[in-house]
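Work through the exercises below with the sequence and the 3D view side by side. Try each task before reading its solution.

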Amino acid sequence: MIASIVIILVRLLVPFTIFRWPLGGALLAIAADASDVMTFERFGYGFFDYFGTNTYHNLDKFFDTYYLFFELLIARKWTSVLARRTAVSLFWLRFSGVILFEITRVRWLFVLTPNIFENFYIFWTVVLKWFKNFKLTKTKLLLILIIVGVPKIVQEYLMHFKYVDQTWNFLRDTFFWWLYA
């Protein structure tokens, strides 16, 4: 029960760090997102057991969109018009995919509306922090979108289409086995 409450509080509060530390806060939000399943597997789903594990899955989509919205608020302040418009467009692409999924329950929609926003946001906050003289052009933007987008599309395909119920098992058994040994 306590794990459920802690996860909800972490998922609600960590995104506020994005306002103070746009890059570090985003990385913390990603870590919070990634840690929930491991925490539930270790300590149980708590009160989510009463409603079924799909209840948290739906809540997880809300929490994901919630922290991405915090990133969107930061991205809307970027001085590069091209970066700002790209980020806003990528956010709304993903948001529309989440809404369509919630309406239809068709998982492959996530492949058509991948979360490239998050990768682009991280890329651009790194540029703003350490490469202040970088000038974004349409050609560079295309290359950046390929670099940050293709891996995300592959990930969405694997998670939401190819290995729907097996993705976490693969990640757990390959990368986090030491937590369950």
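**Exercise 1: The nonpolar cores**

Task: Find which residues have the most contacts inside the largest nonpolar core.

Solution. The largest nonpolar core holds 28 residues, and those with the most contacts inside it are Trp78, Phe117, Phe120 and Tyr121. A nonpolar core is a set of buried Ala, Val, Leu, Ile, Met, Phe, Trp, Tyr and Cys residues joined through side-chain atoms within 4.5 Å. Buried means under 20% relative accessible area, exposed over 50%, and partly exposed in between (1.4 Å probe, protein chains only). Two or more residues of this core come from each of helix H3 (22-43), helix H5 (53-75), H6, H8 and helix H9 (138-162). Helices (H or I, at least four residues) and strands (E, at least two) are DSSP runs, numbered from the N terminus. Next, take Tyr121: not counting residues up to four places away in sequence, Tyr121 touches Ile18, Pro22, Ala26, Glu71, Ile74, Ala75 and Trp78. Contact means heavy atoms within 4.5 Å. Another core, of five residues, lies apart from the largest one and includes Ile7, Ile8, Tyr56 and Phe63.

The model is predicted: local features need pLDDT of at least 70, side-chain atom pairs count only at pLDDT 80 or more, and totals for chains, interfaces and linings use all residues. Residues are numbered from 1 along each chain as its sequence is written, and side-chain values use heavy atoms, with hydrogens and water left out.

**Exercise 2: The chain as a whole**

Task: State how many helices and strands the protein chain has.

Solution. The count is 10 helices and zero strands. Of the 181 residues in the protein chain, 39% are buried. Among contacts with a separation of 6 or more, 71% join residues 24 or more positions apart.

**Exercise 3: H6 against H8**

Task: Determine at what angle helix H6 and helix H8 pack.

Solution. Helix H6 (residues 81-104) and helix H8 (residues 116-130) pack at about 155°, with their axes 8 Å apart. Axes are lines fitted to C-alpha atoms, for helices over the stretch in contact, and angles run from 0 to 180 degrees between N-to-C directions. H6 is therefore roughly antiparallel to H8; angles under 35 degrees count as roughly parallel, over 145 as roughly antiparallel, 65 to 115 as roughly perpendicular and the rest as oblique. From H6, the contact uses Ala83, Thr86, Ala87, Leu90 and Phe91, and from H8, Ile116, Phe117, Phe120 and Trp124. These residues divide into eight nonpolar, one polar and no charged. Here Ala, Val, Leu, Ile, Met, Phe, Trp, Tyr, Cys and Pro count as nonpolar, Asp, Glu, Lys and Arg as charged, and the others, Gly among them, as polar.

**Exercise 4: Thr86 and Asn115**

Task: Decide whether Thr86 is buried or exposed, and do likewise for Asn115.

Solution. Thr86 is in helix H6. Its relative accessibility is 10%, so Thr86 counts as buried. Not counting residues up to four places away in sequence, Thr86 touches Phe120, Leu141 and Leu145. Asn115 is in the loop between helix H7 (109-112) and H8. Its relative accessibility is 6%, so Asn115 counts as buried. With the same exclusion of residues up to four places away, Asn115 touches Leu68, Arg94, Lys152 and Glu156.

**Exercise 5: Arg105**

Task: Find what value phi of Arg105 is near.

Solution. Phi of Arg105 is near 65°, a positive value in a residue other than glycine. Most residues other than glycine have a negative phi. Arg105 lies in the loop between H6 and H7. At 41% relative accessibility, Arg105 counts as partly exposed.
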